Amino acid sequence: MHSGKNTLAYPGLTTVSFDRIITYMQYYYVLAYQGKHCHRYYVQLDPVSADILHDVLVSKYDLVQVCAVPRSSVEPDIVISPAP
């Protein structure tokens, strides 16, 4: 039975209600180094999901940074969009 509540799932992270997405979600800068390889992205997450992302990346990469940033500092070409 359908509950009538719309949700959007971020793969590997928490399920987030559309109501929370419509309200402001913080942008996070994600930096991860593995040897000489550097990965840089921005993503919109809730604080709990950002903590989970950090913990997962720390277990897989040599150096990790996940930090909240103002929307004005986001580089649009490296934003990860939410899964449809």
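The model is predicted.

The chain contains 2 helices and 6 strands. Followed along the sequence, these elements come in the order β-β-α-β-β-α-β-β.

The contacts show how parts of the chain that are separated in sequence come together. Among contacts between residues at least 6 apart in sequence, 56% join residues that are at least 24 apart.

The next topic is the surface. The chain has 84 residues, of which 29% count as buried. Its accessible surface amounts to about 5800 Å². Carbon and sulfur atoms account for 57% of this surface.

Which two side chains meet in a salt bridge? They are those of Arg40 and Glu75, with a distance of 2.6 Å from N to O. This pair links distant parts of the chain, for the two residues lie 35 residues apart. Arg40 belongs to strand S4, which covers residues 37-45. Glu75 lies in the loop between strand S5 (63-69) and strand S6 (79-80). The count for the chain comes to 1 salt bridge.

Are the two partners buried, partly exposed or exposed? Arg40 has a relative accessible area of 32%, so it counts as partly exposed. Glu75 is likewise partly exposed, because its relative accessibility is 28%.

Methods:
Residues are numbered from 1 along each chain as its sequence is written. This is a predicted model: local features need pLDDT of at least 70, side-chain atom pairs count only at pLDDT 80 or more; totals for chains, interfaces and linings use all residues. Side-chain values use heavy atoms; hydrogens and water are left out. Helices (H or I, at least four residues) and strands (E, at least two) are DSSP runs, numbered from the N terminus. Buried means under 20% relative accessible area, exposed over 50%, partly exposed in between (1.4 Å probe, protein chains only). Contact means heavy atoms within 4.5 Å. Accessible areas come from the Shrake-Rupley method with a 1.4 Å probe; for residues, only the protein chains shown count as cover. A salt bridge is a side-chain nitrogen of Lys or Arg within 4 Å of a carboxyl oxygen of Asp or Glu.
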